[in-house]
Amino acid sequence: MLEVNALRKVYDGHGRRVEAIADLTFSVGEGEFACVVGPSGCGKTTLLKCIAGLLAPTSGEARIDGTPVTGPPTGLAVVFQEYGRSLFPWLRARDNVELPLRAAGLPRRTRHGLVEEALRAVGLGDVHGAYPWQLSGGMQQRVAIARAIAYGPRVLLMDEPFAAVDAQTRADLEDLIRSVWQRLGVTLLFVTHDIDESVYLGQRVIVLSAAPTRVAEDIAIDLPAARDQLTTRGDPRFAELRGQIYAQIQKAKHGSTR
Amino acid sequence: MTSALRRAAALLTVPVLLVALWWYSSANSTDFYRPPLSRILVAFRETWFGARLADDVLPSLTRLLLGYAAALLLGVAVGVAVGTSYRLRALVEPILEFLRAIPPPVLVPIIMLVAGIGDLMKVIVIVSGCVWPILLNTVEGVRNVDEILADTCRSYRVRGMARLRHLVLRSASPQIVTGARQALSIGIILMVISEMFAASSGLGFTVVQFQRGFAIPQMWSGVLLLGLLGVLLSLLFRLAERRILRWYHGIRAIEREP
Ligand SMILES: Nc1ncnc2c1ncn2[C@@H]1O[C@H](COP(=O)(O)OP(=O)(O)OP(=O)(O)O)[C@@H](O)[C@H]1O
Ligand SMILES: [Mg+2]
């Protein structure tokens, strides 16, 4: 479904050359929930932008359904790391969610139904008329998620979406994402730098090394599909997987400084 | 309610004091060129609340509004084109700087040669002065489109007119409004000046006529009317701005809070 082949990205400009991604190869199956973890600055955002067709790789390619990505592919939605800046401050919450549907030329009735449903799914049934800057950080992020849900994507990319919200909201949003994924059956690539979060959420965790970035480890998360914050995180297997990933990241870090 | 009253009081105190000062200092004036305010007010009523309203005030205002509207359309259209295209900007920026530096009144003789001495000439004079602040501010505003919002539009396939309307124009709207505000005061000045050359009606024309005929109180009343029109137009402008930039002022108000 989603393939990344020998992807390499070098930023070159303003007299500074940064090799953000050295060589990445992995693939994600249809309907799979994969998490990507890696140290800050290792090129996670760069990777998502290449897959989303917002940035051209220096070499290698990303493919969706076998088609190489050359521009933003249809049926792909992104939730950006800077959620505050990805909402239109001049549009109310509902209009933010509706805009992509309008651009797609859907009839008004269908649009309103989708917007209503998506906002309700993220627990924002009552703030339709608010502007983004009138909402808390967690609520803004939920509006951005609602926009992605309403769009009905086949592939959903999320870039550290919960980095800036408090612990309780974060736990709620994690459960929300799991339920959305189970309901919609989307292929989900979720970037985070939080190891616990990656184990809790995904069916699979792809660990990236520090720059120059490669895949350090690809671990299947064999926890039961029904997860909840208390029992899953208390599961001995959870601690085991977490320890394994932690060790990998440490190893990858030392490997790169050698 | 009380805060609104207090604001109105703060706004009106100085003007009321100045008018009172004018009234008392001129009350016993026998100077031919500085008649008492009471006489000016009588002249005001006799001069402007009659046939002159339709014969002079209305044509002036119509030309102002036509020229201002045309300058808005032209300035925003060209500004968006120049601001969006890097190559176009490099090409025309020096020319724009040169044209902007020419004081519009010196263009009047040239415009008269091309467009005659009718209404068209006066409207063109107004456009030629109003267009620059709008155009240059629009260029500035369009260049400041947020990168993440632009990426959001690309990946949700918001393109063409929808992108122009919901991303480009809205992002630039604070700057466009700033330019439009500057253009409004320039427009009023040029409305008067254009009527001082070869005109047969209009506010500027009438004031000059009064001065030449030594109708001093009437001349003063014309100046007073121009001032009042300026205040009225800037109030209307503020009403429009409050609607258009509601989101912008909302964000600013939140940022100002501790
Ligand atoms: N537009 C750019 N131009 C030049 N260098 C860039 C650009 N964007 C990112 N970089 C560099 O590329 C590297 C990877 O950046 P990227 O934002 O992809 O990392 P990240 O893993 O998402 O980091 P974080 O966890 O902090 O979000 C960094 O060294 C960064 O400085
Ligand atoms: Mg990032």
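A polar contact here is a pair of N or O atoms within 3.5 Å; inside protein, one of the two must be able to donate a hydrogen and the other to accept it, and residues adjacent in sequence count only if both atoms are side-chain atoms. Keep in mind that every view below shows a predicted model.

**Two domains of chain A, seen together.** Chain A splits into domain 1, made of 2-75 + 153-253, and domain 2, which covers 88-152. Taken over C-alpha atoms, the centres of domain 1 of chain A and domain 2 of chain A sit 25 Å apart. Where these two domains of chain A touch, 14 residues of domain 1 contact 11 residues of domain 2. Together the two domains of chain A bury about 940 Å², with 76% of that coming from carbon and sulfur atoms. On the domain 1 side of chain A, look for P153(A), L173(A) and L176(A): these lose the most area to domain 2 of chain A, and together they make up 41% of what that side buries.

**What holds the eye at the domain boundary of chain A.** Which charged pairs bridge domain 1 and domain 2 of chain A? By the salt-bridge rule there are zero. As for polar contacts, the count between domain 1 and domain 2 of chain A is one residue pair, with both residues at pLDDT 80 or more. Two elements of chain A, β7 (155-159) and α6 (167-184), each give two or more residues to the domain 1 side that touches domain 2. The largest share of that side comes from α6(A), with seven residues. Sorted by class, the side of domain 1 of chain A that touches domain 2 has 11 nonpolar residues, one polar and two charged.

**Chain B on its own.** There's not a strand to be found in chain B: the tally is 11 helices and zero strands. Its C-alpha atoms fill a box of roughly 75 × 55 × 30 Å along the principal axes.

**Chain B meeting chain A.** Here 22 residues from chain B meet 28 residues from chain A. About 2500 Å² is buried between chain B and chain A, and carbon and sulfur atoms give 64% of it.

**Polar and charged pairs between chain B and chain A.** The rule finds two salt bridges across this interface. One of the salt bridges in the model is formed by the side chains of D151(B) and K49(A), at 4.0 Å from N to O. Six residue pairs, with both members at pLDDT 80 or more, are in polar contact between chain B and chain A. On the side of chain B that touches chain A, α7 (147-155), α8 (160-196) and α11 (246-256) of chain B each supply at least two residues. The top contributor to that side is α7(B), with eight residues. By class, the side of chain B that touches chain A has nine nonpolar, five polar and eight charged residues.

**The pair D151(B) and K49(A), in context.** Over all chains, a search of the whole structure turns up 25 salt bridges. D151(B) sits in helix α7 of chain B and K49(A) in helix α1 (residues 44-51) of chain A, so this pair joins two chains.

**Ligand 1 and its surroundings.** There are 13 residues around ligand 1, and S40(A), G41(A), K44(A), T45(A) and T46(A) come nearest. The side chain of S40(A) puts an N or O atom 2.7 Å from an oxygen atom of ligand 1. For T45(A), an N or O atom of the side chain is 2.6 Å from an oxygen atom of ligand 1.

Methods: Residues numbered from 1 in each chain as written. Chains lettered and ligands numbered in written order. Predicted model: local features only at pLDDT ≥ 70, side-chain atom pairs only at ≥ 80, totals over all residues. Heavy atoms only, no water. Domains from an automatic or database assignment. Contact = heavy atoms within 4.5 Å. Buried area = accessible area lost by both parts, 1.4 Å probe. Helix = DSSP H or I, 4+ residues; strand = E, 2+ residues; numbered from the N terminus. Nonpolar A, V, L, I, M, F, W, Y, C, P; charged D, E, K, R; others polar. Near = heavy atom within 4 Å.
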